[in-house]
Structure formats: structure tokens, C-alpha cells
Amino acid sequence: MPNTQLYSFVPTDLSLGEASFRPSLPLNLVHQQNSVTVSGLLDTGASVNVLPYLVGIELGYIWEQQTTSLNLTGNLAQYQARAVLIQAIVGEFKPVKLVFAWTQATHIPIILGQVNFFIEFDVCFYRSAFQLAHLILPHNAIKIFW
Amino acid sequence: MVSAELLLTLKNLNRSDKFQIMQILISELAEQEINLIRSELAEQEINLIRSDQDYPIWSPYDAVEAADTMLKVLKTAKNQDHA
């Protein structure tokens, strides 16, 4: 099993070119029998991971059954949120358990934040060289290159 | 194009005047360089950040209570896994 993986910055709007590059990480989220392939925004400024409402529904979560309420901040403060645990698979690495703030907001990216994505993974960014390196330690490492 | 007459005039200056001319020219060049860099930076800013574009920030910055709650949920789940 590798301990390093490389990825590129992802342009989200070709007409905007470099201005639209995002540090997006492809990953699989698994809950019970449901699995979705998504892109998570690596957001070192985010205190927590955030799961958009519709992705949670796709994974089979039922809002009313999630009892741990969370208060988010910033633009997300206006939406209710619940804590959910999801099995995440990144590339060839072994699955990790990520805890997400499942928000009722729908028009947001999946956010990978300090709790607990960056607890599980060490990440380095090399944007100036058009490169993004995700270093996932101690047992995982990812690098992203443009 | 520097004229031969100007070059001859400069060559005939004494040492002190030559230094003074040099300082004036270097100072002017530095100012031109700074203005050039400023205009290049301004152009880059215009290219990278557009006034007609929305840039929403969704980061739950400083959501420490939520983070604490989520860590407890995670810890409970891990304890159950090990039990």
C-alpha cells in the first residue's frame, strides 16, 4: 500500500483559467450499502469537514435520525447541521473514518477540514509551482501536481 | 538613442558630477521599475479576481464547538469499534 499519492489542482472554470484552480481531492464515501464518488475541497481554514445535504441523502442518511446537532460558523451558520460518521477511501489508501458536519445547505462543496481530515492526513500545497501535494501521514500520503 | 554630443558632455564631466548623474539615473530607473511592477500586479489582480464574479466563502472558520462535538462523536465510535 503506497504512503504517497499525487494529484493536480483542478480548474473549475476553464474560461477563468488559473483563477479557478481548486485543491480538490477525489474520494469515495461509503455508508452501509451506499457509496458515492465525490471531490472534497481541501480547506485548511475550516474547523470541520462539511457534507452537503444531498450527498448525505445519497449516502442513505436520514436527517431525523441524526441526533448530534452542530452549530457551524460563517456562511453555514444559517443552516442546521448534524454530525455523521462516514467511511472514506482516498486513492489506494486504507479506508479512514471521517466525521462530517452534515449541513442542510445544498449549494456548497464537500469541505475537508481540520476535524478530522487534517488529523488523519498531512497535506502539503505547492501552488506556486502549479503543484499541490497531499501528504497523508503516518500511513498515508498524497501529492497533487498540476 | 544617445547622441554623440551628449556622451561627450557626460565624459567630460568631473568625477563628482558623474556620480551625481549616475545617482539621478539609478533613482529614475528604480522608480520606473516599481511602477512597472505595480502595473503588472494590478493586471494580475484583475485577471485573478474579477469584479463581476462571486467568491462565496463556505469555510466554517473557528467552529470550535462543532469541532469538539465531532471529535467526541469520533472517539465514541472508535471506542465502540474496539469494544
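The side chains of A:Lys97 and B:Asp81 meet in a salt bridge, with N and O 2.6 Å apart. A salt bridge here is a side-chain nitrogen of Lys or Arg within 4 Å of a carboxyl oxygen of Asp or Glu. The model is predicted: local features need pLDDT of at least 70, side-chain atom pairs count only at pLDDT 80 or more, and totals for chains, interfaces and linings use all residues. Residues are numbered from 1 along each chain as its sequence is written, chains are lettered from A and ligands numbered from 1 in the order in which they are written, and side-chain values use heavy atoms, with hydrogens and water left out.

A search of the whole structure finds three salt bridges over all chains. The pair of A:Lys97 and B:Asp81 crosses between chains, from strand S9 (residues 96–103) of chain A to helix H3 of chain B. Helices (H or I, at least four residues) and strands (E, at least two) are DSSP runs, numbered from the N terminus. A:Lys97 is partly exposed, at 22% relative accessible area. Buried means under 20% relative accessible area, exposed over 50%, and partly exposed in between (1.4 Å probe, protein chains only).

A:Glu120 and B:Lys78 also form a salt bridge through their side chains (3.6 Å, N to O). A:Glu120 lies in helix H2 (residues 117–120) of chain A and B:Lys78 in helix H3 of chain B, so this pair joins two chains. A:Glu120 is buried, at 13% relative accessibility. B:Lys78 is partly exposed, at 33%. Between chain B and chain A the count is two salt bridges.

A further salt bridge links B:Lys72 to B:Asp68, with the closest N and O atoms 2.9 Å apart. Both residues belong to helix H3 of chain B; they are four residues apart, and therefore separated by about one helical turn. B:Asp68 is partly exposed, with a relative accessible area of 37%.

At the interface, 23 residues of chain B are in contact (heavy atoms within 4.5 Å) with 34 residues of chain A. The two chains bury about 2300 Å² between them, 68% of it on carbon and sulfur atoms. Buried area is the accessible area (1.4 Å probe) that two parts lose on being put together, summed over both. B:Trp58, B:Pro60 and B:Met70 supply 35% of the area that chain B buries against chain A, more than any other three residues.
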